Amino acid sequence: SHPSVAYITIQVFDAWKGNIPPTFTIVTNKGSEACEFPFALNADYLVYAIPDGNMLSTNFCLRTAFWGNNPDIPILNKITKRTP
C-alpha cells in the first residue's frame, strides 16, 4: 500500500542498532511531499530506518543525511558500535 516508492540497495559499513545485514534494500517514498530522500549512487549516508512491513524504510524527515561531517556520528559512536 505504498503510493510511489523507490527501492535502494545499501551496503552497510557500520550499524549502531538492530540486526542489520551487510547489504539490504530499503524503501523510500517518492515525491517531495513524502519526505523523499534523494539517494545518489556510490555516496555515503547515515541512514535512520524504521520497520515497514517486512522491510525497512527511511525518508528525509527521519534525519537520514549525508555521512560526511554528520554531527550525529560522534554521538552515535558513544554507543557501542559494531561492524556487520
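Cys 35 and Cys 61 form a disulfide, with 1.6 Å between their sulfur atoms; the term covers a pair of cysteine sulfur atoms within 2.5 Å. This link joins distant parts of the chain, 26 residues apart: Cys 35 sits in the loop between S2 and S3, and Cys 61 in the loop between strand S5 (55-57) and strand S6 (65-66). Strands are DSSP runs (E, at least two residues), numbered from the N terminus. The angle about the S-S bond is -65°, and the link is left-handed.

The model is predicted: local features need pLDDT of at least 70, side-chain atom pairs count only at pLDDT 80 or more, and totals for chains, interfaces and linings use all residues. Residues are numbered from 1 along each chain as its sequence is written, and side-chain values use heavy atoms, leaving out hydrogens and water.

Next come the aromatic rings. The structure holds six aromatic pairs, counted where ring centres of Phe, Tyr or Trp (its six-membered ring) lie within 6.5 Å. The rings of Phe 39 and Tyr 45 have their centres 5.0 Å apart and their planes at 80°, so this pair is edge-to-face; that label applies over 60 degrees, with stacked under 30 and tilted for the rest. Phe 39 has 18% relative accessibility and therefore counts as buried, as does Tyr 45 at 13%; buried means under 20% relative accessible area, with a 1.4 Å probe and protein chains only. Phe 39 and Tyr 45 also belong to one aromatic cluster with Phe 37, Phe 60 and Phe 66.

Notes
Helix = DSSP H or I, 4+ residues; strand = E, 2+ residues; numbered from the N terminus. Buried < 20%, exposed > 50% of the residue type's maximum accessible area, 1.4 Å probe, protein only.
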